[in-house]
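Take a look at the model first, then read the points below.

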Amino acid sequence: QVEEADDWLRYGNPWEKARPEYTIPVRFYGRVEHGPGGARWLDTQVVLAVPYDTPVPGYRNNTVNTLRLWSARAPNDFNLKDCELKQEGFWGGSLGVSQGRYGGLSKFFEGKELRLKQEYFVVAATLHDIIRRFKSAKFGSRDPVRTAFDTFPDKVAIQLNDTHPSLAIPELMRILVDEERLGWDEAWNITVRTCAYTNHTVLPEALERWPIHLLESLLPRHLQLIYEINQRFLDRVYASFPGDHDRLRRMSLVEEGAVKRINMAHLCIVGSHAVNGVAAIHSQILKDSVFKDFYQLEPQKFQNKTNGITPRRWLVLCNPGLAEVIAQRIGEDFVSDLDQLQRLRDFVDDESFIRDVAKVKQENKVKFAAYLEKMSGVRVNPASLFDVQVKRIHEYKRQLLNCLHIITLYNRIKKDPGKPFVPRTIMIGGKAAPGYHMAKMIIRLVTAIGDVVNQDPAVGDRLRVLFLENYRVSLAEKVIPAADLSEQISTAGTEASGTGNMKFMLNGALTIGTMDGANVEMAEEAGEENLFIFGMRVPDVEALDRQGYRAQEFYDRLPELRQAVDQLSSGFFSPRQPDLFRDIVNMLMNHDRFKVFADYEAYVKCQEKVSALYKNPREWTRTVIRNIAASGKFSSDRTIAQYAREIWGCEPSRQRIPAPDE
């Protein structure tokens, strides 16, 4: 993987409007002084936050909302001489200070400290803005400037989308206590009623834990407030569970260790009135294990909000052919009421509809094949089964399981070239995090397998393996409508929800997947018999953990798996660097947290069912129709309506505002 910076503002952005009149100073570093008037944060460094507004129009409803983004600028009195990086330009890299917007905070610090600075910058600017607007709004207030905050939670909802904006909790407390002079209890009540937290992962290494020394230097007042929040919280825990010191240690916001850290997820739970996961199985796992202690203390906080996707982008815009075929049968209202797709169940035996759905898919495949040839020079057979796995590259998503299946298919063709074989084009795409070595090796493996398979004359066009480079939304809009098979094969209990799974379902691909994330609810909606479900369920994974997962046992027992692993070890796919994939093999054999071998046999057998159904185009397409008809639940319209009613305490309106000329 080769990385390059995305200079997204190189040519400007015609959709945004700068609002320099609302520029906000954001403070860092400094020290805290406590006096009779309370705490004062002094000797800080200031960065200016300049707002840029982008209009976000609703679909045919004459409503336009505003997305406000923040650009970092140096104050005018900023002294470049103070800066160690002055040769680069402190703010704008080679662009210099005058164009600070283009460099933002990113020249300020390396790595972790930069990230924390960015998180606080956007939180502080946004909160300052929210409070300015609340104070100047006239609803229910006769004061020239509003000073009472008791109605704040009724007018403002702050949804913490993962832990990245978690500093909103101490920042709101800082504003209410230090600047607005509210008492602690009143400020805390307002903060908790205003904030809610959405969790997006159960992987412990993905949860943010900031070193105390970093917070102490960058945000000294916030660290003091976090300590106070923690003390009061632990007093409550101790009152509920007297004598349970281990529980206090587990639930503390402060993690002891070689480096003391603040657990930001714990901060979010304590400072929010609602906590949710993003699929039913994920929300259950949060209650059963990840946040079990917190659930036992405050069960009423925990909810589920299954993710959704917008049918405007992910059907009408990216797949107009399919949208049209659907509209001819049930009208256009499904675009803003996706549950209406259920009416397509009436057409599952309608020969003309079956024909139309299959025709649109074939056209999308031909179009994508042409795009691939134009962009990468690779020719694929549009009559083959398009088997697609596009998502971030990560061990838990098990692109390696897909790779082992590809190698197995290749070996079967080589062993018996005359045997009938359902042709496949297997596409894997996605990006690896810059510092994630194993993910980058997985990309290298996919390309290496492709080099061998695609150049073997014995294979012909029966099997093609492609790595889709630079996977991004604009490429997703092309590949998803063309896919026949959607790969959703994470180890059960690791994928919070997934949304690609929903996009494929809505666009007429069938799913091969584990009972994980939103796959569970997709199977519930469409009927498990209309998905290709395989492998361990969460209880099976837990049982295997208890008895100990031993990859060697699967390697010894399954000859096709053993052959594939031996080919990786011996350098069959990397003859010029025989030990290129040594790290992958070592991980799979000795410390695979995601148990790839345990699901290999079930996966390969399930893929045989896929090929068998694909040989019967009518039955395949009828199954596709059942899936499309069951995808209504996965509209983001349903998701957002649930957040509004069950967390933000407001009722979404279907009323369309009249156009100015009506």
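The protein chain carries 88 positive and 87 negative side chains. The centres of these two sets lie 2 Å apart. Keep in mind that this is a predicted model. The points below start with the whole chain and end with one residue.

**Overall dimensions**
- The C-alpha atoms of the protein chain fill a box of roughly 90 × 65 × 60 Å along the principal axes.
- The radius of gyration of the protein chain is 27 Å. A compact globule of 662 residues would have a value near 26 Å, so the two agree.

**Fold and contacts**
- The protein chain contains 25 helices and 19 strands.
- Take the contacts with a separation of 6 or more: 71% of them join residues 24 or more positions apart.

**Surface and interior**
- Of the 662 residues in the protein chain, 53% count as buried.
- The protein chain exposes about 31000 Å². Carbon and sulfur atoms supply 51% of that area.

**A look at Asn627**
- Asn627 sits in helix 24, which spans residues 617–629.
- Is Asn627 buried or exposed? Its relative accessibility is 0%, so Asn627 counts as buried; the cut-off for buried is under 20%.
- A polar atom of the Asn627 side chain lies 2.9 Å from the backbone oxygen of Thr623.
- Leaving aside residues up to four places away in sequence, Asn627 touches Met505, Leu510, Ala526, Asn530 and Leu531.

Methods
Residues are numbered from 1 along each chain as its sequence is written. This is a predicted model: local features need pLDDT of at least 70, side-chain atom pairs count only at pLDDT 80 or more; totals for chains, interfaces and linings use all residues. Side-chain values use heavy atoms; hydrogens and water are left out. Helices (H or I, at least four residues) and strands (E, at least two) are DSSP runs, numbered from the N terminus. Buried means under 20% relative accessible area, exposed over 50%, partly exposed in between (1.4 Å probe, protein chains only). A polar contact is a pair of N or O atoms within 3.5 Å; within protein, one must be able to donate a hydrogen and the other to accept it, and residues adjacent in sequence count only if both atoms are side-chain atoms. Contact means heavy atoms within 4.5 Å. The radius of gyration is taken over C-alpha atoms; the globule rule is 2.2 Å times the number of residues to the power 0.38. Accessible areas come from the Shrake-Rupley method with a 1.4 Å probe; for residues, only the protein chains shown count as cover. Lys and Arg count as positive and Asp and Glu as negative; His and the chain ends are not counted. The place of a charge is taken as NZ of Lys, CZ of Arg, CG of Asp or CD of Glu.
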